[in-house]
Amino acid sequence: MMETATYLARRQRLETYFDRTAADAWAKLTADGPVSRIRATVREGRERMRTTLLSAMPADLTGLRVLDAGCGTGALAVEAARRGAHVVATDLSATLVNLARERLPAIDGPGTVEFRVADMLDPTLGRFDWVVAMDSLIHYEAKDMASMVAKLAACADRGVVFTFAPRTLLLTLMGWAGKLLPRGDRSPELEPIREATLRQLLGAHPALTGFTVGASTRINTAFYKSQSLELTRA
Ligand SMILES: C[S@@+](CC[C@H](N)C(=O)[O-])C[C@H]1O[C@@H](n2cnc3c(N)ncnc32)[C@H](O)[C@@H]1O
């Protein structure tokens with residue numbers, strides 16, 4: 001697997017950040033306990049985004065394989081499994097994956113979740129019907145992000161659904177990132193990108209010729225700004 005130097009450097013910082021610096025904050029944000037008003041708007045936005053991403057796939061996922069790429073504490077993976085999917089949920093952070101394993105509820109029905117500590121681009125993860133990446137590509141530079149989408153698409157038989165940080169809201173995003181998560185030299189930047197630029201990059205990518213770049217939904221609460229994009233195999 002040939003990855004660029006910028007990708008590898010960013011991945012290293014993200015692993016350190018989510019595995020140590022921000023692991024506690026992330027654990028609290030993704031749990032049910034009380035949080036500040038700022039974090040409550042983030043939670044609300046994230047729930048809406050999770051629903052948006054799931055609604056890009058069939059409501060009944062029975063028998064389908066889904067990759068939750070950058071799963072964090074696993075909420076989306078659990079929802080997909082509740083809809084019947086066999087989910088592989090992977091993240092760089094062993095701390096967050098361990099938490100996700102502890103939190104995994106019993107799933108009624110045929111759905112399953114298998115957690116992995118691995119790069120989402122690891123080819124040994126296998127093939128999937130759908131790949132979902134919620135807020136896990138938002139920290140990578142535009143070119144790397146586009147090539148990540150292309151690599152995820154290469155192992156998806158039906159489609160890829162992911163989020164990006166919309167560029168028009170740069171200042172708010174910076175405020176959001178600053179207030180939500182611990183600061184520090186090692187905290188990774190967001191890489192906001194205009195929707196038109198992203199569509200252009202994906203449209204021009206040779207590995208994505210078999211895909212249609214489809215609908216996009218922006219979720220916008222006081223302190224959570226994120227936008228979905230769907231790619232489906234033509
Ligand atoms: C903002 S969190 C979102 C987590 C989860 N998707 C959610 O919405 O709750 C981003 C996650 O992506 C993970 N991540 C970033 N780059 C990754 C990569 N190349 N492979 C696997 N996980 C990655 C980080 O470790 C982090 O847990």
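**Exercise 1. Sort the residues of the shell around the ligand by class: how many are nonpolar, polar and charged?**

Solution. Start with the classes. Ala, Val, Leu, Ile, Met, Phe, Trp, Tyr, Cys and Pro count as nonpolar; Asp, Glu, Lys and Arg count as charged; the others, Gly among them, count as polar. The shell then has 8 nonpolar, 6 polar and 4 charged residues.

Next, the members. The ligand is surrounded by 18 residues, and the closest are Phe18, Gly70, Gly72, Met120 and Ser136. A residue is near a molecule if its C-beta atom, placed from the backbone, lies within 6 Å of it.

Last, the elements. Two or more shell residues come from each of α1 (5–21) and β2 (86–91). The largest share, 3 residues, is from α1. Helices (H or I, at least four residues) and strands (E, at least two) are DSSP runs, numbered from the N terminus.

A note on the model. It is predicted: local features need pLDDT of at least 70, side-chain atom pairs count only at pLDDT 80 or more, and totals for chains, interfaces and linings use all residues. Residues are numbered from 1 along each chain as its sequence is written.

**Exercise 2. At what angle do α3 and α4 pack, and which residues make the contact?**

Solution. Take the axes. Helix α3 (residues 37–55) packs on helix α4 (residues 75–82) at about 40°, and their axes are 11 Å apart. Axes are lines fitted to C-alpha atoms, for helices over the stretch in contact, and angles run from 0 to 180 degrees between N-to-C directions.

Name the arrangement. α3 and α4 are therefore oblique to each other. Angles under 35 degrees count as roughly parallel, over 145 as roughly antiparallel, 65 to 115 as roughly perpendicular and the rest as oblique.

List the contact. α3 gives Arg50, Leu53 and Leu54; α4 gives Ala75, Leu76, Glu79 and Ala80. Contact requires C-beta atoms, placed from the backbone, within 7 Å. By class, there are 5 nonpolar, no polar and 2 charged residues.

**Exercise 3. How far apart are the axes of α6 and α8?**

Solution. The axes of helix α6 (residues 142–154) and helix α8 (residues 195–203) are 10 Å apart, and the helices pack at an angle of about 50°. That makes α6 oblique to α8. Ala142, Ala146 and Val149 of α6 meet Thr197, Leu201 and Leu202 of α8. This contact has 5 nonpolar residues, 1 polar and no charged.

How values were computed. Two residues are in contact if their C-beta atoms, placed from the backbone, lie within 7 Å.
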